[in-house]
Amino acid sequence: MGYYSSMIVLIPAIIISFYAQAKLKSAYGRYAQVVNSKGITGREAAAMILRSNGLESIPVQQVQGSLTDHYDPRKKTLSLSEGVYDTPSIAAIGIAAHECGHALQDSSGYTMLKIRNSIVPAVNIGSFLSWPILILGIFLGALQLQMVGVVLFAAVIVFHLVTLPVEIDASRRAVAMLSECGIISSDSDMTGVKAVLKAAALTYIAALASSVASLIRMLLIIRGSRR
């Protein structure tokens, strides 16, 4: 199977990705417009959660973009997007709490997060060099070089495999902390938060599916080149 014809294996992953993005866009779009019952902003929710867990030294800052929220374990900073930082929506407190979940993982030495952080350099190298090395190996007819490309790309799959439980655990912590800190007290708020976090989790499943499909494509290309 050639370089272009092998792209057929990507179709299921593309469908999953489109579905995941549509679900996230729908859930976020809906609950970003609904004010939570206590009128607490994402920034306030994050500050309350961090303070209750002895992590008040972690700064909560605003960053540009939509859904660009993240926790940086190197700088020990929590960044919230423009639509979350000063917005008192159900989506905002759910996303802010999720990022706080990563901060708690970091402070408690959560194993899967430590593994994910440790393999980031290898993943960056693998994602950048895997395809060029594979193509060069095919051009030279060098099977060993082709397999180096495959092994490098395998690091990307490992990263996505590790990321999935990290994100699920962060969402689990988020739901628990929102209740424990008294940020959420109504069933409707909790339903909305869970809907947003579940939709976000689908995007990580889609990323894993895409990387697996790409690896299968690599192997098909190698097999086709040796005929």
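Contact here means heavy atoms within 4.5 Å, and helices are DSSP runs (H or I, at least four residues) numbered from the N terminus. The model is predicted, so that local features need pLDDT of at least 70 and side-chain atom pairs count only at pLDDT 80 or more, while totals for chains, interfaces and linings use all residues. Residues are numbered from 1 along each chain as its sequence is written, and side-chain values use heavy atoms, with hydrogens and water left out.

**H1 and H7**
- Ala13, Ile16, Tyr19 and Leu24 are among the residues of H1 that meet H7, where the partners include Thr191, Ala195, Leu202 and Ala213.
- The axes of H1 (residues 11–31) and H7 come within 8 Å and cross at roughly 160°, the axes being lines fitted to C-alpha atoms over the stretch in contact, with angles from 0 to 180 degrees between N-to-C directions.
- H1 and H7 are therefore roughly antiparallel, a term for angles over 145 degrees.

**H4 and H7**
- The axes of H4 (residues 90–108) and H7 (residues 187–225) come within 9 Å and cross at roughly 60°.
- The contact involves Ile90, Ile93 and His98 among others of H4, and residues of H7 including Ser188, Asp189 and Val193.
- The residues of this contact of H4 with H7 divide into 7 nonpolar, 4 polar and 1 charged.

Conventions:
Helices (H or I, at least four residues) and strands (E, at least two) are DSSP runs, numbered from the N terminus. Ala, Val, Leu, Ile, Met, Phe, Trp, Tyr, Cys and Pro count as nonpolar, Asp, Glu, Lys and Arg as charged, and the others, Gly among them, as polar. Angles under 35 degrees count as roughly parallel, over 145 as roughly antiparallel, 65 to 115 as roughly perpendicular and the rest as oblique.
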